[in-house]
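Please read this report with the model open beside you. Find each part as it comes up.

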Amino acid sequence: MKPHRNYLPLWILLAAALAAVACVSAFGPVRLGGYELKDSGMAKALTEPREHAGAVIAMSDTIIMSEAPMDKEPVPVDTAAKTILFIGDSMLDGLYPRLAAYAGHNGHTLYAVIWYSSTSEKWGGSGRLKSYIDRLSPDYIFICLGANELFVKDIATKRTSHVQTLLGEIGDIPYLWIGPPNWKPDTGINELIATNAAPGTFFLSDGMTFERGKDGAHPTRASAAQWMDSVIRWMPSHHPHPIRLELPDVESGRAKRVFVHQPDE
């Protein structure tokens, strides 16, 4: 009778070797002798953002819908310091402090112009945007308008010329138009802006989930900050001219100056 042999140490050694090869191959191809083991794709599956029918879904983030799927390579980020002009309606109360935090962290200068109860009609018919452009010479413009026009009937007829006037005043300055945070279905303001804005320059906020204030319309300050974070995350893969907006280490910041206009101005 042949003596009994204990093969357990040998099996443990083989299992450990196979585990090591699988782990290494998760992060790239491995060569053993004259053979190459293909990348398992495990690391890519665990770390890359997921795509979802025109949406970017960051790990543990709210789904942010865009007007088009990501079908091209992202544009390189412009790392130069910018003078940023942020104009719009009362939604800026919650949005601009968060953008100010990004601006301060990344070397930009932010000016905010809040015109309460304003619309594309008021801005487009006033020449106010052009006056601020002439005064401040911004390198980049953010807009948040449309919340006061969600329920305008026949909006394409009544507002198209004003939206086009605003975009004409902006001219060649890179811009991003943040759509209103719908609390009910609109009559076409989002479609109107998206149709007239350049590709990749309109962020569709409709469809997002917000915590709202007592009026049921305005996001809370904390929810507005998350809204702004979502816009910033969306930009590098969609906007034709993304700028450096790395995550700040503070929750809010101060604009260089905030200009405030009342509804009847």
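The expected span of a helix is 1.5 Å times one less than its number of residues. Helices (H or I, at least four residues) and strands (E, at least two) are DSSP runs, numbered from the N terminus. Helix 6 covers residues 155–170, and its 16 residues should span 22 Å. Its end C-alpha atoms are 22 Å apart, which agrees.

This is a predicted model, in which local features need pLDDT of at least 70, side-chain atom pairs count only at pLDDT 80 or more, and totals for chains, interfaces and linings use all residues. Residues are numbered from 1 along each chain as its sequence is written, and side-chain values use heavy atoms, with hydrogens and water left out.

**The whole chain**

The protein chain has eight helices and eleven strands. It holds 265 residues, and 44% of them count as buried. Buried means under 20% relative accessible area, exposed means over 50%, and partly exposed lies in between (1.4 Å probe, protein chains only). The chain exposes about 14,700 Å². Carbon and sulfur atoms supply 56% of that area. Accessible areas come from the Shrake-Rupley method with a 1.4 Å probe; for residues, only the protein chains shown count as cover.

Contact means heavy atoms within 4.5 Å. Take the contacts in the chain with a separation of 6 or more: residues 24 or more positions apart account for 75% of them.

Six strands form an open sheet in the order 10-9-8-6-7-11, with parallel pairing. Its edge strands are strand 10 (202–203) and strand 11 (257–261), and each pairs on one side only. Two strands pair if DSSP finds at least two bridges between them. In general, strands of a sheet pair through backbone hydrogen bonds, either parallel or antiparallel.

| Strand pair | Sense | Bridges |
|---|---|---|
| Strand 6 and strand 7 | parallel | six bridges |
| Strand 6 and strand 8 | parallel | five bridges |
| Strand 7 and strand 11 | parallel | five bridges |

Now look at single residues. Thr83 stands opposite Thr109 in strand 7. Phe86 has Ala112 of strand 7 as its bridge partner. Towards strand 11, Val113 stands opposite Phe259, and the bridge partner of Ile114 is Val260.

Which residues point each way from strand 6? Thr83, Leu85 and Ile87 point one way, while Ile84, Phe86 and Gly88 point the other way. All are buried. Six of the six residues of strand 6 are buried, so this strand is largely enclosed by the rest of the structure. Strand 7 is also largely enclosed, because six of its seven residues are buried.

Axes are lines fitted to C-alpha atoms, for helices over the stretch in contact, and angles run from 0 to 180 degrees between N-to-C directions. Strand 6, helix 3 and strand 7 make a right-handed β-α-β unit. A crossover is right-handed if, with the strands pointing away from the viewer, the path from the first strand over the helix to the second runs clockwise.

Helix 8 (residues 221–238) lies across strand 8, strand 9 (175–178) and strand 10. It runs at about 135 degrees to strand 9. Ser223 is in helix 8. Is Ser223 buried or exposed? Ser223 counts as buried, at 6% relative accessibility. Not counting residues up to four places away in sequence, Ser223 touches Phe210 and Glu211.

**Back to helix 6**

The buried residues of helix 6 include Ile155, His162, Leu166 and Ile170. What do the buried residues of helix 6 pack against? They pack against helix 4 (120–126), helix 5 (128–136), strand 8, strand 9 and helix 7 (189–196). Gly171 follows helix 6, and its phi is positive, near 65 degrees.

**A loop residue**

Ala255 sits in the loop between helix 8 and strand 11. Ala255 is buried, with a relative accessible area of 15%. Leaving aside neighbours within four places in sequence, Ala255 is in contact with Tyr96, Ala100, Leu110 and Ala112. Ala255 and Ala103 are 152 residues apart in sequence, yet 8.4 Å apart in space, C-alpha to C-alpha.
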